[in-house]
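Q: I have a protein to look through for class. Can we go over it together, starting with the terms?

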Amino acid sequence: MTAAPSIVVIGGGPRGTGVIERIAANAVELYGDLPLDLHVVDPHPAGGGRIWRPDQSPLLWMNSMAEDVTMFTDETVELAGPVVAGPALDAWAEDVRTGRITPDADPAVLAEIHGLAGADFPTRRLQSAYLRWTYERALAALPPGITVHEHRTTALAVTGPRGGLQRVRLQGRPEPLLADLVVLTVGHLDAEQDPEQKGLADFARRHALVHLPPDFTADSDLDALRAGEPVIVRGFGLAFVDLMVLLTEGRGGRYGRGEYLPSGREPVLYVGSRRGVPYHAKIGYPWSGERPSLPQHLGPAWTEELLKRTGPLDFRRDIWPAVAKELGHAHYHRLFTAHPERTALAHEVFAEKYTAADPGSPELAGLIAEAVPDPADRLDLDALDRPLDGVRHDSPEALQEALRNYITADLARRHDPEHSEDLAVFLGLLSAYAQIVRLGDIGSWWHGFFSYLASGPPGPRLQQLLALSRAGVVRFLGADLTVETDEEQGLFRARSATVPGARTEARALVEARLPDPSLRHTASPLLRALRDGGAAIADDGLLAVDPADSRVLDDEGRPHPRRFALGPFTTARSSGAFTRPRTGGPAFRQNDAAARAALTFLRDLSCRGHLAS
């Protein structure tokens, strides 16, 4: 008896779930009723995987509203396979409330959906239940010839020739899985310490200090941070927000009437970063009225033209000017159509001249100055990116007051429809990301800028941050933060350019960010084996994949016929495995392309009788 062909999906989180959903959607067309063994490898429950596992603190929220989270395609997604509609998180919650859906999840978690509105920020464990339901729905949609095997363990290595069977070695299993094709969707993984982090860790051990390296915050050993003691925190993004929550409310503190009431168990968090400010708050109002036409200046034709160029692309030189013009198009379209009283030129005239002007040119700057009288209404991306650039304060106390004012103003603006051009820029960012991800390796700056501007915390989290600042539990350090070690005193010391001469000393240092996804420092034996086995590694350390279908490239640039990879560790990383409905999420397109290529490959193998046995 001939064995069925086999595909191994390594990583059962939202990205792996998305690929399986696309396999189910395309199987009837591309694979028919042929037999197939589908193996899913992950030490955590499939659906949520590690990051979205169900056993997390209910204090941890998503940074997206329930209505802005979907795992399903719609007509805005560019894909060759069929669109299969499904509920966004808020609609799913409503279906659970009314009994139309009965997911197998912890009743305490499902209880959270009562009263959940589309504009609410769900807990991560509720998102875990949604992801698990999505995974189970995808399995149910597979044709009867496809048999699913789950392996709750870790994949250690993938070996095998380009033209033959792949062998997936599993932790705790003596025999490898034989695979005709492998898809890596391993998500965020731990990293080995780079030289700087290793030096800080060695210093901490010598002096009995606390050093917490980059990590998923829910997995960090926060018990090591003692009540009342100063902690230097480097990083002001979403990992910091999680840290802040777990060390305050997570230790018994609570909020009342806009103030924080400490439990007495909190450390004092001294936080700074390169920018010195938290990520911009999530926008707190819906879209209304006419949408800008997107993409306008960096559509598929622009992408194809860049892909034809020989040699590596330079993001600042080759890509950023068009991105800036695209974001400006979204901003000014909204300003002219929704707030014309703040403009001084006919929209048609402005639009024609804006389109004709070169990005970053004096002509473009002059046009904007003429058409938009108030500088506050003009889009200044540099100021948005580095709001503390050149700002200096005489004392740490002056910085505390100034940064509280900055956060308050940001919150007010991000919840004020009178500044709805900010929401238009957000839509422009999503559109730009969908095109840029097609280019492959473009470096890390763009991903950080996108997250800072478009993927910040819920507004209530920044309200809490203000309360913690007023209570003295959080202290701001400023921008361009540097951390030094003092061997004589056995302390960490932080300095910032924002308050010259000031320094903060502490016996604890926390790196509040996810580990670098670079394969150069990955702690994953699976990715190390790929790296050492000849897979191509981009300049920024990411695994190089073919932008067309996410096949892994070797060091000669050839796509591997039997290996695919999708996610943040690849050069085709996208803004997330799930996204807002009706925004053409690029991850969905990637999942579809990979699933279709995989099914076509396996069908052809099956027809030739060249199968794993």
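A: Start with burial: a residue is buried under 20% relative accessible area, exposed over 50%, and partly exposed in between, using a 1.4 Å probe and protein chains only. This is a predicted model, where local features need pLDDT of at least 70, side-chain atom pairs count only at pLDDT 80 or more, and totals for chains, interfaces and linings use all residues. Residues are numbered from 1 along each chain as its sequence is written, and side-chain values use heavy atoms, with hydrogens and water left out.

Q: OK, how much of the protein is buried?
A: Of the 613 residues, 55% are buried.

Q: How many helices and strands are there?
A: The protein has 17 helices and 19 strands. These are DSSP runs numbered from the N terminus: helices are H or I with at least four residues, strands are E with at least two.

Q: And how compact is the protein?
A: Its radius of gyration is 25 Å, close to the 25 Å from the globule rule for 613 residues, so the protein is as compact as a globular protein of that length. The radius is taken over C-alpha atoms, and the rule is 2.2 Å times the number of residues to the power 0.38. Along the principal axes, the C-alpha atoms fill a box of roughly 80 × 65 × 55 Å.

Q: Switching to sheets. What is the strand order in the open sheet of 6 strands?
A: The order is β3-β2-β1-β7-β19-β18, and the pairing is mixed. Two strands pair if DSSP finds at least two bridges between them.

Q: Why is one side of β3 and of β18 left without a neighbour in the sheet?
A: β3 (146-151) and β18 (551-553) are at the edges with a single partner strand each, so one side of each has no neighbour there.

Q: Which way do β1 and β7 run?
A: β1 (residues 6-10) and β7 (residues 181-184) run parallel, joined by 4 bridges. Isoleucine 10 is opposite leucine 184 in β7.

Q: Which strands does helix α1 touch?
A: Helix α1 (residues 14-30) packs on the sheet and touches β1, β2 (36-41), β3 and β7. Contact means heavy atoms within 4.5 Å.

Q: What about arginine 124, buried or exposed?
A: Arginine 124 is in helix α4, and its relative accessibility is 11%, so this residue counts as buried.

Q: Which residues is arginine 124 in contact with?
A: Apart from neighbours within four places in sequence, arginine 124 contacts Trp52, Gln56, Leu60, Trp61, Met62, Phe216 and Asp242.

Terms used
Axes are lines fitted to C-alpha atoms, for helices over the stretch in contact, and angles run from 0 to 180 degrees between N-to-C directions.
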